[in-house]
Amino acid sequence: MFVKILRENVYVSYLLTVLRLYIGWKWLHAGWGKITGGFDASGFLKGAAKKAVGENPAVQPWWAEFLNGFAIPNVEVFNVLIPWGEFLVGLGLILGVFTSFVTLMGLVMNFAYMFSGTTSTNPQMVLIEIFILVAGFNAAKIGLDYWIIPFLRKQILRKEEQEVSTHST
């Protein structure tokens, strides 16, 4: 019943829009600050990897192995992906474009930060992003997805109909 309300209630779509704009601003602001501020993830990544020691480590050993084996050696890639990922997730949420996808990417980034031993606002953002993701299209009705999603569905259906007609002849 709760999921049905999240997915269908018009008043909830307004609340979801406010939440989407809030989370979008958080991502956009964080990403823009990194883009314009000369962001370097190497210190954060190395610090996170060092937190994987002790009886109750803040960072799990498997995540530290990922950081040491892949992220830190490829820090230049992460120096681009992190700020632009944050900025584009924020922009997508604010505009309501590909809302479910950008919300999922925001969740991935939030979990990566939490896996790295950072709490900050990440749990709050995760909770709100889960509501937005579960709500699906209802969270994007007041946004560009209102026009984009039906257009894409129509294009996909048209292509499928064309494929069926070419295979049946």
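Author: Gladly, and please keep in mind that this is a predicted model. We can begin with threonine 17, which is found in helix α2.

Reader: Is threonine 17 buried or exposed?

Author: Threonine 17 has a relative accessible area of 8%, and because buried means under 20%, threonine 17 counts as buried.

Reader: And what is threonine 17 in contact with, leaving aside its neighbours within four places in sequence?

Author: With those neighbours left aside, threonine 17 is in contact with Ala139 and Ile142.

Reader: Changing topic, how do α5 and α6 pack?

Author: Helix α5, residues 75–95, and helix α6, residues 99–115, pack at an angle of about 140 degrees, and their axes are 9 Å apart. That angle makes α5 oblique to α6, and the crossing of the two helices is left-handed.

Reader: Which residues make the contact?

Author: On the α5 side they are Ile82, Gly85, Glu86, Val89, Gly92 and Leu93, while α6 brings Thr99, Val102, Thr103, Met105, Gly106, Met109 and Tyr113. Sorted by kind, the residues of this contact divide into 7 nonpolar, 5 polar and 1 charged.

Reader: What about the largest nonpolar core, how many residues has it?

Author: The largest nonpolar core has 28 residues, and those with the most contacts inside it are Leu16, Ile23, Trp27, Leu45, Leu67 and Leu93. At least two residues of this core come from each of α2, α3, α4, α5, α6 and α7, and α5 gives the most, with 5 residues.

Reader: Which residues does leucine 67 contact, beyond its neighbours within four places in sequence?

Author: Leucine 67 is then in contact with Leu45, Ala48, Ala49, Ile72, Pro73 and Ser116.

Notes
Residues are numbered from 1 along each chain as its sequence is written. This is a predicted model: local features need pLDDT of at least 70, side-chain atom pairs count only at pLDDT 80 or more; totals for chains, interfaces and linings use all residues. Side-chain values use heavy atoms; hydrogens and water are left out. Axes are lines fitted to C-alpha atoms, for helices over the stretch in contact, and angles run from 0 to 180 degrees between N-to-C directions. Helices (H or I, at least four residues) and strands (E, at least two) are DSSP runs, numbered from the N terminus. Angles under 35 degrees count as roughly parallel, over 145 as roughly antiparallel, 65 to 115 as roughly perpendicular and the rest as oblique. A crossing is left-handed if the near helix is turned anticlockwise from the far one by less than a right angle, and right-handed if clockwise. Contact means heavy atoms within 4.5 Å. Ala, Val, Leu, Ile, Met, Phe, Trp, Tyr, Cys and Pro count as nonpolar, Asp, Glu, Lys and Arg as charged, and the others, Gly among them, as polar. A nonpolar core is a set of buried Ala, Val, Leu, Ile, Met, Phe, Trp, Tyr and Cys residues joined through side-chain atoms within 4.5 Å. Buried means under 20% relative accessible area, exposed over 50%, partly exposed in between (1.4 Å probe, protein chains only).
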